Amino acid sequence: MNCRVCSNKISEFMTLGRMPIANNFLEKKDFAKEYFFELLPAFCEKCYSFQIIEQPDPSMMFHENYAFFSQTSKNMILHFKKLSDKIKNNFFTSDNPFIVELGSNDGIFLKNFLNYKCNHLGVEPSKNVAEVALQNNVNSIVEYFSSNLAKKIVNKYGKADVVTSANVMCHIPNINDVALGISELLNENGVLIFEDPYLGSVIEKISYDQIYDEHVFLFSIYSVEAIFSKFGLHLFDVEFLQTHGGSMRYYLSKRKNTPISKNLLLSKENENKLKLNKIETYIKFSENVKSSKSKLIEIFDEIKNKNKLIYGYAATSKSTTVLNYCNIGTDYIEGIFDTTPIKQKKFSPGKHIPIIEYEKFNSYDFDYLYNFAWNHSTEIYENEKEFYNRGGKWISHVPFPKII
Ligand code: DWN
Ligand code: ZN
């Protein structure tokens, strides 16, 4: 397999085994025809990009029944409000600014620009989530972004001051064409701002569940520079974020002479310390992932031997990797509570654990809850204080499998 970015030959350093589509919550009648592929992370020693070898066709993942709606987390609503204010105050240089978001989902971010009465456009391939945005008056089109689409947008709306994306760029296999399109879409002072789960955090926390079909890449600063500099987009700042268990926000400018921030220099030094540009880091990571799996199974067996009941909390995309890689099914977890209606009353991908409406949470009896949305722990532990106060225990595999 050749690198999606630089065509260098790359090879996998571990397998996470046979995986289903992470967000394909399914009904019993569809079990027999469920699609599986092998989840093989790989690293390119030339451009430092971490990617998966095989990605199912995007149409199998992003469609009219896409199961993830961004507005499910209150913290994320606040997070995007803050980013909107920052952009409005710092990056709108023209009199009539125009902002484009790639992968705008249900409009969680762009809806803030309605208040600023600012030209905006969301590009979102999954029809059902885009419809929610449209209902909220967020201007959206149901398309995959590409260099071709960029030309059409420029013809219709003109060039953009800012292009953004959040938790989207790492989903895009044809990243070179998208980077070219962004470069064509931005005006000469334009800025690209995007954020994604940070590879450094995945390595440090052993949060291997960030690896699943949708995440074709996990970026580091060096890999982002290698991709976008080829298309005249110059990285000038980064910002580490606590969201999604550790993310990085990247700021890239069309202007070559934009001053480089101190934070960018320090963060690159940190990447050197973490050795994110060395294959041995990933070999060590694969060993850590195997230990994490053994420890988790040990914890589950201990609990089961005591005849205690375990339920899951939040049927995240990430849970699909943990459950399938560790081979955890209904023998360990009775059901998973989730707030998203499209997932409820269905079964988890691959392991077929029932997904229970969160509204029924209080009518069930259990001793342990597995927190599959560990990235939202602060919000979740606060909301579920009652469970904890009555002696309930949380299980999490991040930073390392443990009972809380
Ligand atoms: O990159 C991606 C991120 C941004 O969102 C996408 N590929 C898909 C998705 O990943 P995820 O499913 O792992 O995201 P979250 O935000 O960690 O989890 C969302 C799921 O968890 C939803 O099904 C709702 C559920 N949930 C819940 O039931 N109770 C979430 C929270 C915070 C809760 O309190
Ligand atoms: Zn490469």
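The model is predicted; local features need pLDDT of at least 70, side-chain atom pairs count only at pLDDT 80 or more, and totals for chains, interfaces and linings use all residues. Residues are numbered from 1 along each chain as its sequence is written, chains are lettered from A and ligands numbered from 1 in the order in which they are written, and side-chain values use heavy atoms, with hydrogens and water left out.

The zinc ion is ligand 2. Its protein donors are the SG atoms of C3, C6, C44 and C47, which lie 2.3 Å from the ion. Donors are N, O and S atoms within 2.8 Å of the metal (3.2 Å for Na, K and Ca); water is not among the atoms, so sites may look incomplete. The four donor atoms subtend angles of 102 to 116 degrees, and the arrangement is therefore tetrahedral. In sequence, the donor residues follow the spacing C-x2-C-x37-C-x2-C. C3 belongs to the segment before strand 1, and C44 to the loop between strand 4 (41–43) and strand 5, so the pair ties together parts 41 residues apart in sequence. Strands are DSSP runs of E with at least two residues, numbered from the N terminus.

An open sheet of four strands has the order 1-4-5-11, with antiparallel pairing. Its edge strands, strand 1 (11–12) and strand 11 (217–218), each pair on one side only. Two strands pair if DSSP finds at least two bridges between them. Strand 5 (residues 50–52) and strand 11 run antiparallel and are joined by two bridges. Here Q51 stands opposite F217 of strand 11.

Another open sheet has seven strands in the order 8-7-6-9-10-13-12. Its pairing is mixed. Strand 8 (140–141) and strand 12 (234–241) are the edge strands, each pairing on one side only. Strand 6 (residues 98–102) runs parallel to strand 7 (residues 119–123), and five bridges join them. L102 stands opposite V123 in strand 7.

Around ligand 1 there are 21 residues, of which H171, E214, K318, K343 and H376 come nearest. A residue is near a molecule if one of its heavy atoms lies within 4 Å of it. The shell has seven nonpolar, ten polar and four charged residues. Ala, Val, Leu, Ile, Met, Phe, Trp, Tyr, Cys and Pro count as nonpolar, Asp, Glu, Lys and Arg as charged, and the others, Gly among them, as polar. An N or O atom in the side chain of K343 is 2.6 Å from an oxygen atom of the ligand. For a backbone N or O atom of S317, the distance to a ligand oxygen is 2.8 Å. A side-chain N or O atom of H215 lies 3.0 Å from an oxygen of ligand 1. The protein covers 95% of the 710 Å² of accessible area that ligand 1 has on its own (Shrake-Rupley method, 1.4 Å probe).

Most residues other than glycine have a negative phi, and most peptide bonds are trans. S7, in the segment before strand 1, has a positive phi near 70 degrees. The peptide bond joining V398 and P399 is cis, with omega about 5 degrees. P399 lies in the loop between strand 18 (393–396) and strand 19 (402–403).

Methods. A polar contact is a pair of N or O atoms within 3.5 Å; within protein, one must be able to donate a hydrogen and the other to accept it, and residues adjacent in sequence count only if both atoms are side-chain atoms. Four donors count as tetrahedral if all angles lie between 85 and 135 degrees; four count as square planar and six as octahedral if opposite donors are over 155 degrees apart and all others between 65 and 115; anything else is irregular.
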